[in-house]
Amino acid sequence: MKVENHAAESANKTITGADLLIETLVEAGVDTLFGYPGGAVLPIYDAMYRSDAPFKHILSRHEQGSVHAAEGYARVTGKAGVVLATSGPGATNLITGITDAMMDSLPLVVFTGQVANQVIGTDAFQESDIMGITTPITKYNYQVKKLSDLPRIVKEAFHIATTGRPGPVVVDIPKNISQELSAEKFETEFHLPGYQPTTKPNPLQIVKLAEALGRAKKPLILAGAGVLFSEASAELKEFVEKYELPITNTLLGLGSFPGTNPLFLGMAGMHGTYAANMGIYESDLLINIGARFDDRLTGNLEHFAPNARVAHIDIDPAEIGKNISTDIPVVADAKEALKELLNSEIDMPEHQAWKEKLQQNKKEYPLWYESPSDLLSPQWLLEQVYQISNGEAIVTTDVGQHQMWAAQFYNFDKPNRWVTSGGLGTMGFGFPAAIGAQLGAPDDLVVSVVGDGGFQMTAHELSIIYERNLPVKVVIVNNNALGMVRQWQESFYDKRYSESVFSTNPDFIKLAESYGVRGIKIDREDDVVSTLKDAFAYNGPVVIDCRVAQETCVYPMIAPGKGIHEMIGVKK
Amino acid sequence: MKRIITATVQDRAGVLNRITGMLYKRQFNIESISVGGSEVKGISKMTFVVEVSDDQKLEQLTKQLNKQIDVLKVSDITDKAMVARELALIKVASNAHLSAEIQGVIAPFRASVIDVSKDSLTIQVTGKPDKVDALINLLGTYGIKELARTGTTAFLRGQQPHVTEISSFSV
Ligand SMILES: Cc1ncc(C[n+]2csc(CCOP(=O)(O)OP(=O)(O)O)c2C)c(N)n1
Ligand SMILES: [Mg+2]
């Protein structure tokens with residue numbers, strides 16, 4: 001740390017609060033910082049400039065890009081994504097991303113600049129009440145009132161963000177704090193008596209769950225993202241295979257169990273498979289591991305697993321019994337609970353008929369699609385993406401039809417390779433998330449599947465992939481429409497396509513090229529395989545504008561208000 | 001059903017905002033909240049009187065409160081041996097004739113007159129919320145000019161009758 005303060009004669013050098021922040025980040029093991037400068041964080045950017053800290057700063061072109069990139073980074077690395085933005089508009093530009101991270105339990109530590117403590121509350125230039133604004137959308141938030149608190153707060157923030165049920169933590173740093181000089185070494189020990197997540201399951205509840213399994217004739221596992229956060233995929237696989245339990249995933253849980261394993265029924269929920277949804281409907285024991293019974297999963301609650309005893313393993317007690325009444329609650333880290341279950345002697349009755357029935361459903365009612373006379377079939381396109389990347393890519397998506405097709409047609413055999421915005425359904429997420437994912441996993445193929453609508457919300461981040469030569473492959477599933485909106489209008493609003501079909505779209509090739517990024521257009525199925533192969537092998541970023549048939553809909557579908565067994569668009 | 005919930009919380013910046021924001025966001029119906037210091041420095045005590053529709057909602061409420069990082073302990077003390085008190089200040093229309101009559105009305109409530117003017121009396125009453133309600137009702141006939149209530153504050157009695165603790169939401 002090169003600090004220009006020659007007055008420091010004492011043992012410790014006199015440094016600024018900003019220098020101290022950088023030191024603390026280095027100690028916390030931060031290697032990537034996603035940010036954007038401005039007045040209130042000038043001291044921090046100056047400290048960064050002067051420092052030889054071994055982390056990269058990734059300059060986005062809009063703070064929303066920073067926070068989504070940090071989410072993508074967190075999703076694939078399991079580490080906290082770190083964001084830095086200035087006060088006022090810089091901070092408010094982060095709101096969508098912070099909310100997204102809160103909904104999908106992603107660990108983020110977000111630093112915002114703030115006006116000086118002395119003027120907080122006076123509507124000073126670029127002041128915003130970021131504490132008030134972010135209270136409902138963070139796991140916790142801090143405003144630093146004294147420099148001496150700063151290192152401890154930063155440590156606490158990382159601890160809170162990454163433990164228990166992960167989530168975003170905001171640290172608001174007034175400018176006078178980052179400018180203040182000090183040579184003192186501050187206390188960093190912390191004590192959070194009100195925050196002690198339970199990780200070990202209550203043994204009695206494990207016994208109950210084991211007993212329930214011992215009596216079940218139609219057991220089913222529903223695995224969510226909690227399995228990913230607790231790194232419990234190996235234990236889950238062992239448990240599922242030991243008792244030959246049929247299993248389904250939530251949208252966010254994809255990859256927690258191998259997608260090509262015969263016991264896997266596909267994704268459940270609004271656009272889940274017939275086999276998975278009917279499995280839930282008919283099960284007599286549903287074991288939810290790390291999912292929150294979101295309404296896009298359950299459909300009409302009245303018809304959700306009507307005959308099942310429900311067991312729910314979750315590290316967040318407040319999720320248990322929130323939407324679905326639970327017979328066997330288990331508050332625990334998924335990995336700990338699965339380990340205990342693996343240690344239990346369970347005398348599983350034979351459930352061959354059940355397994356066969358589900359297998360038969362899986363075979364008889366597969367996902368299907370039609371080949372359009374013109375342009376590409378989007379589902380077929382996603383199948384090619386899957387094939388050509390050998391099922392080994394990290395896939396990020398935006399929100400809409402293309403997201404559901406990616407979830408349906410890309411089978412993830414490994415965890416933490418699927419990055420999507422589930423809870424908030426944030427358009428604009430997919431592309432910047434791919435940037436963060438690529439930075440977190442530099443040697444992996446990262447494919448960003450986006451819609452022509454959502455890509456335009458954050459396309460300016462093309463600057464980053466050019467600047468850093470990040471070999472992200474952007475696959476635009478271009479239907480020249482807000483496809484998912486168009487589909488709902490077709491199905492539920494009598495084909496009144498109100499503001500959902502674009503009259504104009506940019507030339508995405510030229511757009512990419514204007515940023516220095518290679519752009520390719522595909523509008524014939526014959527060109528798909530060779531072009532994708534070429535693009536995926538290319539050592540640099542590529543934007544591939546894939547023209548797909550606009551009228552294609554996502555099926556099956558549980559229409560709003562309907563039960564999980566009332567899917568439309570199911571075909572033999 | 002009406003429940004009385006107490007919480008001990010760490011006195012960190014924004015804690016009240018965080019808790020009331022959560023209650024608002026999750027649509028809990030709060031009748032009153034009272035907050036103040038406790039016997040331990042840095043720790044505050046909150047008392048909530050809530051109207052919840054069923055046990056499931058109640059369970060959610062206590063869990064969501066417990067989930068807050070600053071919250072140390074949450075108890076539903078409704079069915080326990082406890083003391084719950086509220087203070088109200090009531091300004092009633094009055095005059096020389098009525099004054100004695102009003103004094104007579106408030107006497108059984110052990111309320112006191114703490115301010116007198118030519119056309120009003122201000123009465124202070126402390127007690128269980130239903131006692132406070134009853135007095136307010138009685139004084140209504142004279143015309144209430146102003147009313148301020150603190151909301152209920154409560155805690156457990158020193159001695160609890162012996163019953164086996166049934167924790168309804170054991171997990
Ligand atoms: C920020 C935001 N605004 C609006 C929506 C509502 N919405 C959901 S899907 C969708 C259409 C997305 O269109 P596109 O990105 O082209 O994807 P497609 O559905 O066509 O695959 C819209 C507008 C949203 N999810 N997020
Ligand atoms: Mg589209």
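**Figure 1. Domains 2 and 3 of chain A sit with their C-alpha centres 30 Å apart.** This is a predicted model, in which local features need pLDDT of at least 70, side-chain atom pairs count only at pLDDT 80 or more, and totals for chains, interfaces and linings use all residues. Residues are numbered from 1 along each chain as its sequence is written, chains are lettered from A and ligands numbered from 1 in the order in which they are written, and side-chain values use heavy atoms, with hydrogens and water left out. Chain A splits into domain 1 (12–182), domain 2 (203–364) and domain 3 (378–554), with bounds that come from an automatic or database domain assignment. In this view, 15 residues of domain 2 of chain A touch 19 residues of domain 3 of chain A, where contact means heavy atoms within 4.5 Å. Together domain 2 and domain 3 of chain A bury about 1300 Å², and carbon and sulfur atoms give 63% of that. Buried area here is the accessible area (1.4 Å probe) that two parts lose on being put together, summed over both. On the domain 2 side of chain A, Leu251(A), Leu254(A) and His271(A) lose the most area to domain 3, together 41% of what that side buries. As for salt bridges (a side-chain nitrogen of Lys or Arg within 4 Å of a carboxyl oxygen of Asp or Glu), the count across the interface of domain 2 and domain 3 of chain A is zero.

**Figure 2. Helices α12 and α15 of chain A cross at roughly 145 degrees.** Here you're looking at α12(A) (residues 274–282) and α15(A) (residues 352–364), whose axes come within 8 Å. Axes are lines fitted to C-alpha atoms, for helices over the stretch in contact, and angles run from 0 to 180 degrees between N-to-C directions. Helices (H or I, at least four residues) and strands (E, at least two) are DSSP runs, numbered from the N terminus. The crossing of α12(A) and α15(A) is right-handed; that is the word if the near helix is turned clockwise from the far one by less than a right angle, and left-handed if anticlockwise. From α12(A) come Tyr274(A), Ala275(A), Met278(A), Gly279(A) and Glu282(A), and they meet Trp354(A), Lys357(A), Leu358(A), Asn361(A) and Lys362(A) of α15(A). Sorted by class, that makes five nonpolar, two polar and three charged residues in the contact of α12(A) with α15(A). For this sorting, Ala, Val, Leu, Ile, Met, Phe, Trp, Tyr, Cys and Pro count as nonpolar, Asp, Glu, Lys and Arg as charged, and the others, Gly among them, as polar.

**Figure 3. Helices α16 and α23 of chain A cross at roughly 35 degrees.** The axes of α16(A) (residues 378–388) and α23(A) (residues 525–537) come within 10 Å, and this crossing is right-handed too. The contact of α16(A) with α23(A) has eight nonpolar residues, one polar and two charged.

**Figure 4. Chain A meets chain B through 25 residues of chain A and 19 of chain B.** About 1700 Å² is buried between chain A and chain B, 52% of it from carbon and sulfur atoms. Tyr140(A), Gly194(A) and Ala318(A) supply 29% of the area that chain A buries against chain B, more than any other three residues. Two salt bridges are counted between chain A and chain B. Look for Asp316(A) with Lys67(B), a salt bridge whose closest N and O atoms are 2.6 Å apart.

**Figure 5. Chain B has two domains, with C-alpha centres 29 Å apart.** Domain 1 of chain B takes in 2–81 + 157–168, and domain 2 of chain B covers 83–153. Seven residues from domain 1 of chain B and six from domain 2 of chain B make the contact. The two domains of chain B bury about 490 Å² between them, 54% of it on carbon and sulfur atoms. Ser34(B), Thr47(B) and Arg157(B) supply 56% of the area that domain 1 of chain B buries against domain 2, more than any other three residues. Between these domains of chain B, zero salt bridges are counted.

**Figure 6. A cis peptide bond joins Tyr555(A) and Pro556(A).** Omega is about -5 degrees at this bond, and Pro556(A) lies in the loop between β20 (542–547) and β21 (557–558) of chain A.
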